[in-house]
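The following paragraphs go through the model from its core to its pocket and then to its aromatic rings. Please keep the structure open while reading.

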Amino acid sequence: QVQLVESGGGLVQSGGSLRLSCAASGITFGIYDMGWYRQAPGKQRELVAGITRGRSTKYADSVKDRFTISRDSAKDSVYLQMNSLKPEDTAVYYCNAHYSASKTEYDYWGQGTQVTVSP
């Protein structure tokens with residue numbers, strides 16, 4: 001059974017920092033591209049940051065230079081370090097694991113963790 005378990009969310013003041021963690025189980029972690037998405041009330045889910053199995057990274061323009069994604073294959077985990085948080089970063093943050101090759105594709109999601117940034 002595949003599980004992605006997020007942790008590290010919470011309430012923080014504007015300008016503060018949080019570190020989200022996502023522990024994966026039931027998958028061969030090293031072959032998956034991993035990502036963090038977020039969804040604010042009334043808005044669509046959007047990609048915040050992604051890291052490939054080759055450790056290439058990409059970020060949404062709104063979080064560049066503030067957020068850093070990383071992965072630890074020894075712990076089957078992916079992390080999102082969030083600095084200089086803003087109220088507009090408030091959302092539920094979801095961990096994603098994605099694998100595609102030839103005609104095979106797998107996509108898994110965590111249950112989400114709430115991040116609330118107060119003004």
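A nonpolar core is here a set of buried Ala, Val, Leu, Ile, Met, Phe, Trp, Tyr and Cys residues joined through side-chain atoms within 4.5 Å. Buried means under 20% relative accessible area, exposed over 50%, and partly exposed in between, with a 1.4 Å probe and protein chains only. The model is predicted: local features need pLDDT of at least 70, side-chain atom pairs count only at pLDDT 80 or more, and totals for chains, interfaces and linings use all residues. Residues are numbered from 1 along each chain as its sequence is written, and side-chain values use heavy atoms, with hydrogens and water left out.

The largest nonpolar core has 29 residues, and Met34, Trp36, Leu80, Met82 and Tyr93 touch the most other members. At least two residues of this core come from each of strand 3 (18-25), strand 4 (33-39), strand 5 (46-51), strand 7 (67-72), strand 8 (77-82), strand 9 (91-101) and strand 11 (113-118). Strand 9 contributes five residues, the most of any. Strands are DSSP runs (E, at least two residues), numbered from the N terminus.

The largest pocket holds about 170 Å³ of space. A pocket is an open set of points on a 1 Å grid over the protein atoms alone, where a 1.4 Å probe fits, with protein on both sides within 12 Å along at least five of seven lines; lining residues have an atom within 4 Å of a point. The volume is the space filled by probe spheres set on the points, which are joined across faces, edges and corners. Of the 13 lining residues, Asp33, Met34, Tyr37, Lys58 and Asn96 lie nearest the centre of this pocket. Strand 4, strand 5 and strand 9 each give two or more residues to the lining, and strand 4 has the largest share, with four.

Which residues make up the aromatic cluster? Tyr32, Tyr99, Tyr106 and Tyr108 form one cluster. The whole structure has five aromatic pairs, a pair being rings of Phe, Tyr and Trp (its six-membered ring) with centres within 6.5 Å; planes under 30 degrees apart count as stacked, over 60 as edge-to-face and the rest as tilted. Tyr99 and Tyr106 are stacked, at 6.3 Å centre to centre and 25° between the planes. Tyr106 is also stacked with Tyr108, at 6.4 Å and 5°. Tyr99 is buried because its relative accessible area is 19%, whereas Tyr106 is partly exposed at 39% and Tyr108 is partly exposed at 25%.
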